[in-house]
Structure formats: C-alpha cells, structure tokens
Amino acid sequence: MTELDYDIAICGAGPAGMALAALLVKRGMPAQRIALIDAKTLDQASKDPRSLALSWGSRQIMEEIGAWPAAATAIEQIHVSRRGQFGRSMIDRKDYDLPALGYVTRYGDIVSALGAVCARAGIISLRPARVITLDEAADAVTLILDSEGAPKTLRAGIVVQAEGGLFNEQQTRATHRDYGQTAIIAQVRSSTPPPHRAYERFTEQGPLALLPQDDEYSLVWCVRPETASALQALNDADFLQALGAAFGERVGRFTHVTPRLAFPLGLNADPRSTARTVAIGNAAQTLHPVAGQGLNLGLRDVTVLARLLAQGATPEMLSQFTTQRQRDRSTTVRITDTMARIFANDSPAQAMLGLSLAAIDIISPARSLLAELMMYGRR
C-alpha cells in the first residue's frame, strides 16, 4: 500500500470536478494539496462527443477559471412551445443586453480545456483510478483506490463526490423519481435552420430540444421507453420523418442524423453532506435534461464550494455549503421536475399550459424571471 495525503480529494474528474480543483488553486489553495481521481484518462474523456448546454453564467465561471473553449455555438434565442396547442414563449438575448443566453459545446472540448488548466496549475491527477472503499472518521476520510491493478490508500481532510453517472446506474437517493421517459440523443441537420436559435418543444411524451451547434442541432428527444425502442429501430430516413412530425416545420425539413444513443431519465437528488464528504453536480442531483440545467447547476455548486473550502477544508465549511446552496438547488430541482411531468401528457389541461406560455411571452416580468433562471440560476 502507498500512503498519499491531501487536504481535498475530488472523486470524478469531469467538468465539475476539474472546475472545482482549478478554482481552489485560483482561490489560494496549494495545488499539491488537491487530488483529482477518475477511472478514465484525460485522453479518453476528451474524445467524448456528447454535447453540453452552458448558460451565460456558466461561461463566466469558465472564463474565470481560464478554460472557456473556443469551439462553442452561441444561443441567442430560446423558443419554447407546446405541440398541438396555442401559445409559445421567445427569450431573446437582446432583451438582456448580452451577447448570448448560453452556448452549446462538446463534453470533450470542456474537459480538454479544464485538463490543461489543472495540469498547468500542478494539480495531482490520479487516473485511471477507481475508488473501491471510502471510510470516514472524525479527523479524515480514508480511500482505497484500484489504480491499474495496484491498490493505493489516500487520507484526505475532505472528499468531494463529483462523479454522478447515469440515472439507472445510481444508488437511490433521498429524492427519487423515474419519469418513465428515455432520451434519444443525436446530431441532426435541417434545411432552413434559423441561426443561433434553440428550441424546447413539449410533446405529450416529453420535451424535445434542438440546440444549435455548428451547422447542426444537438437533439434531445424525450419519449416513453416503448416509443424510444420503436424510434431506435427505424432507419435514418424514417427516424427523420418521425422527428419532423413531432417537431413541426420551424427549421425546415430534417435531412441528416448521426448514430443515436438512448438513456433513461429520472430525478435522483440528495443535498445533504456528512462532516467530511460532500457531493456536487450530477453526484448530488441528477436532473431531467429539460431546460439544460444539469451542468450549469453543478458549476454553481463549484463556485460556492471553492470559495468556502479555500477558507479551510473543514466540516464547518461543508455545513455552510449545504446551507448556502439549498435555495438554488431546490428551486432548480422543483422547476425541472415540474416541467418534465406536467407537460408530458395529453390531458385537457394542456390547453391551459399552452396559454401559460403565451402569457409568459406577453408579461415581461414573467419572461425575465424564466430567462434569469436559465442564465444564472436562483440567486
């Protein structure tokens, strides 16, 4: 066994974990007192093609870290509608004097940029390594790792869980809900896409999002599991026809789709921390992808935790973190949970929901509140 000691061990070197490590160093914590642990190498993670939606507030965080990637497509408008019902809402960056409401980038670009920042800072990276056991005592947390077949023991003052995984692979947390929906993920092209406009379209089975990325869209189509299986079995031409029927003609005709992925959706959240362990991002709250709040909420966790732990890696700071993050976390969970459930049916009440979108578009304060939540979270 090899003994390694750190003030903070971060389990999960994805965007949230690496952003936390980088911000801790920026706030004055010595880089050699921080350990990043992940089962994947940085090279493996940088090849991940998944798309991510970052809010304007998240861009500000990434810029502060020095990891804002150049390969990002700006979202200047967000069009929200309900399939088969009157009413829609349009959020426009011009109304808030911002260059963009948010951005669409690739997971691989984010982790590559953050990995470079962490490497320049001299942060210890233990990867590939997998946490086998974690034992919390009064004065420290002991972790046993499997690092390429060789066991290692770490003792850290604080352990941050930053590796969430997929909903169906997680242990059940305090707040848990299976939405009975599956997300189909792909890149699609259309014949007449309005530039820099994102779409969130609610259907009777779940939301359908199109996020502008380069000359394509990143598609997140949430449907019932049996519908997802049927859609996955279609050839590309038939899939694009089904997508067009569900979405409509606002972006013209869909002309191309990449290989599709599918994964189940649910809510799995627990805001609590122990004396010496805390979870952030997807490890603390796995959300429905509606409104694209997952990583953005995680980065807001990061900024608060980095500020507190830079003052001292102590149980008192973890307690303060849980208290300070309660409002934003609970609001975001409640909003995404409500949107995922209330719009995903074909009840007569859907006509009222369509009218509510029209009301949001007409009533400026309501539209501004929705925009602020999407750009910055609950402050």
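**Close-up views of helix packing in a predicted model**

**View 1. Helices α1 and α7.** α1 and α7 pack at an angle of about 30 degrees, and their axes lie 9 Å apart. Axes are lines fitted to C-alpha atoms, for helices over the stretch in contact, and angles run from 0 to 180 degrees between N-to-C directions. α1 is therefore roughly parallel to α7 (under 35 degrees is roughly parallel, over 145 roughly antiparallel, 65 to 115 roughly perpendicular, the rest oblique). Their crossing is right-handed (the near helix is turned clockwise from the far one by less than a right angle; anticlockwise is left-handed). P15, A16, A19, L20, L23 and L24 of α1 meet L295, L299, V302, T303, L305, A306 and L309 of α7 (contact means heavy atoms within 4.5 Å). By class, this contact has twelve nonpolar, one polar and no charged residues. Ala, Val, Leu, Ile, Met, Phe, Trp, Tyr, Cys and Pro count as nonpolar, Asp, Glu, Lys and Arg as charged, and the others, Gly among them, as polar.

The model is predicted: local features need pLDDT of at least 70, side-chain atom pairs count only at pLDDT 80 or more, and totals for chains, interfaces and linings use all residues. Residues are numbered from 1 along each chain as its sequence is written, and side-chain values use heavy atoms, with hydrogens and water left out.

**View 2. Helices α1 and α4.** α1 (residues 15–26) packs on α4 (residues 107–121) at about 30 degrees, with axes 9 Å apart. That angle makes α1 roughly parallel to α4. α1 passes α4 in a left-handed crossing. From α1, the contact takes P15, M18, A19, A21, A22 and V25; from α4, Y107, I110, V111, L114, G115, V117, C118 and A121. The classes are 13 nonpolar, one polar and no charged residues.

**View 3. Helices α3 and α7.** α3 (residues 56–65) and α7 (residues 294–309) pack at about 45 degrees, with their axes 9 Å apart. α3 is thus oblique to α7. The crossing is left-handed. S58, I61 and M62 of α3 touch N296, L299, R300 and T303 of α7. Three of these contact residues are nonpolar, three polar and one charged.

**View 4. Helix α8.** α8 bends by about 50 degrees at Q326 (the angle between axes fitted to the seven residues ending there and the seven starting there). Its 28 residues (315–342) should span 40 Å at 1.5 Å a residue, and the end C-alpha atoms are 39 Å apart, which agrees. The expected span is 1.5 Å times one less than the number of residues. Helices are DSSP runs (H or I, at least four residues), numbered from the N terminus.

Notes: Helix = DSSP H or I, 4+ residues; strand = E, 2+ residues; numbered from the N terminus.
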